[in-house]
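Q: I'm new to this one. Can you walk me through a few parts of it?

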Amino acid sequence: MADVGIVLISHSPKIAAGIKDIIRQVITEVPIETAGGTDENEIGTNIDKILNAMEAADTGKGVLLFYDIGSAKMNAEMAIEMSEKENSMLIDAPLVEGSYVAAVEAGMGKSLQEVHDAVIKSFSKR
Amino acid sequence: MKLTVNNSIQWFLKANEKMQENKEYLTLLDKKIGDSDHGINMARGFQEVANKLPTQDYASVSDVLKDVAMTLMSKVGGAAGPLYGTIFLKMSTAVKGTDPVDYQTFTNGLEEGLVGVKQRGKADVGEKTLVDVWAPVVDFFKQGVDFQADQLVETAENAMDNTKDIQASKGRAAYFKEKSIGHIDPGSTSSFYIFEALAEVIREGE
């Protein structure tokens with residue numbers, strides 16, 4: 001059964017890859033794709049990378065996009081608009097802890113909205 | 001004057017020259033209140049635009065603007081990519097169907113670009129961003145009846161200089177809070193170069 005996919009958008013390719021490593025230690029089945037750095041892997045974000053990651057992470061249940069600072073959010077918003085994927089959501093949550101929670105929730109087979117809400121809920125209590 | 005496909009290509013070729021010439025200066029401005037990548041990003045993005053435009057066969061100004069937008073979006077690493085990309089994409093849509101582009105249609109395009117970038121960056125006038133150059137320039141165009149090169153440069157330059165006294169509340173500079181005062185906004189400066197390039201095209205077209 002397909003799980004909600006997760007896209008990790010960071011200015012740094014290392015950060016995105018590192019977070020994926022952390023999650024993969026525990027959650028192995030959930031689709032996780034990284035979009036770190038510019039097209040030349042320098043510090044920055046890139047719409048094409050985000051679009052590709054969204055495509056790869058979507059196995060039918062939608063994708064949840066996490067982002068870090070500055071232009072990451074704008075590029076993510078544009079990628080969502082350009083992809084015309086209705087089942088994609090941007091989430092305003094801590095990149096590391098948030099995506100970890102999302103991966104666990106997604107692994108339980110929850111819907112995109114349920115995963116999103118579970119992450120938001122887990123950080124609103126703190 | 002009306003803006004032709006060739007005029008619009010010249011506009012971006014000239015803008016690219018300015019981005020290359022002022023690459024270090026833009027980076028210096030960004031070093032003071034940002035992440036020091038604006039010069040590098042703008043130079044890279046506009047170089048891609050300048051490489052591509054002369055090799056393509058464009059049917060309309062709208063098509064030129066669209067290609068500029070898409071190239072900037074994918075080749076500029078910082079916030080400037082999505083912001084300028086949005087501006088030129090909105091302009092492209094607004095001038096579609098009118099070719100060459102007359103003054104009123106161009107003015108409308110600039111205004112749509114401004115509306116789009118404000119939405120994209122969630123920024124308004126007075127936040128020390130490129131909106132602080134685009135808004136006065138759009139007002140200037142709306143008040144006029146035909147392209148005016150000298151006054152365009154003057155309007156854009158004054159607007160750019162005025163960003164010096166503003167405290168940033170959007171973009172990376174916002175992290176610097178009151179320390180952002182006293183520095184010209186890098187995005188406003190690159191926007192000034194774009195309008196300066198447009199003024200040169202207007203002069204040549206007269």
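This is a predicted model: local features need pLDDT of at least 70, side-chain atom pairs count only at pLDDT 80 or more; totals for chains, interfaces and linings use all residues.

Q: OK, helices. How do α5(B) and α6(B) cross?
A: Helix α5 of chain B covers residues 80-95, and helix α6 of chain B covers residues 103-121. Their axes come within 7 Å and cross at roughly 145°.

Q: Left-handed or right-handed?
A: The crossing of α5(B) with α6(B) is right-handed.

Q: Which residues meet there?
A: From α5(B), P82(B), L83(B), T86(B), I87(B), K90(B), M91(B), A94(B) and V95(B) take part. Those in α6(B) include T105(B), F106(B), L110(B), G113(B) and V117(B).

Q: How many of the contact residues are nonpolar, polar or charged?
A: The contact of α5(B) with α6(B) has 9 nonpolar, 7 polar and 3 charged residues.

Q: Let's pick L83(B). Is it buried or exposed?
A: L83(B) has a relative accessible area of 15%. Buried means under 20%, so L83(B) counts as buried.

Q: What is L83(B) in contact with?
A: Setting aside neighbours within four places in sequence, L83(B) is in contact with M74(A), V117(B), R120(B), G121(B) and L130(B).

Q: And where is L83(B) relative to G113(B)?
A: Their C-alpha atoms are separated by 9.6 Å. Along the chain, L83(B) and G113(B) are 30 residues apart.

Q: New topic: rings. How many aromatic pairs are there over all chains?
A: A search of the whole structure finds 14. One of them is F106(B) with F141(B), a tilted pair. The centres are 5.7 Å apart, with 50° between the planes.

Q: Where do F106(B) and F141(B) sit?
A: F106(B) is in helix α6 of chain B, and F141(B) is in helix α7 of chain B, residues 131-143. The pair links distant parts of the chain, 35 residues apart. Both F106(B) and F141(B) are buried.

Q: Which other ring does F141(B) form a pair with?
A: F141(B) forms an edge-to-face pair with F147(B). That one is 6.1 Å centre to centre, with 80° between the planes. F147(B) is buried too.

Q: Which residues do the ring pairs link into a cluster?
A: Among them are W11(B), Y84(B), F106(B), W134(B), F141(B), F147(B) and F195(B).

Q: Last one: why is α9(B) called largely enclosed?
A: 15 of its 20 residues are buried, so α9(B) is largely enclosed by the rest of the structure. Helix α9 of chain B covers residues 186-205 and reaches 29 Å from its first C-alpha to its last. That is close to the 28 Å expected.

Note on methods:
Residues are numbered from 1 along each chain as its sequence is written. Chains are lettered from A and ligands numbered from 1 in the order in which they are written. Side-chain values use heavy atoms; hydrogens and water are left out. Axes are lines fitted to C-alpha atoms, for helices over the stretch in contact, and angles run from 0 to 180 degrees between N-to-C directions. Helices (H or I, at least four residues) and strands (E, at least two) are DSSP runs, numbered from the N terminus. A crossing is left-handed if the near helix is turned anticlockwise from the far one by less than a right angle, and right-handed if clockwise. Contact means heavy atoms within 4.5 Å. Ala, Val, Leu, Ile, Met, Phe, Trp, Tyr, Cys and Pro count as nonpolar, Asp, Glu, Lys and Arg as charged, and the others, Gly among them, as polar. Buried means under 20% relative accessible area, exposed over 50%, partly exposed in between (1.4 Å probe, protein chains only). Rings of Phe, Tyr and Trp (its six-membered ring) pair if their centres lie within 6.5 Å; planes under 30 degrees apart count as stacked, over 60 as edge-to-face and the rest as tilted. The expected span of a helix is 1.5 Å times one less than its number of residues.
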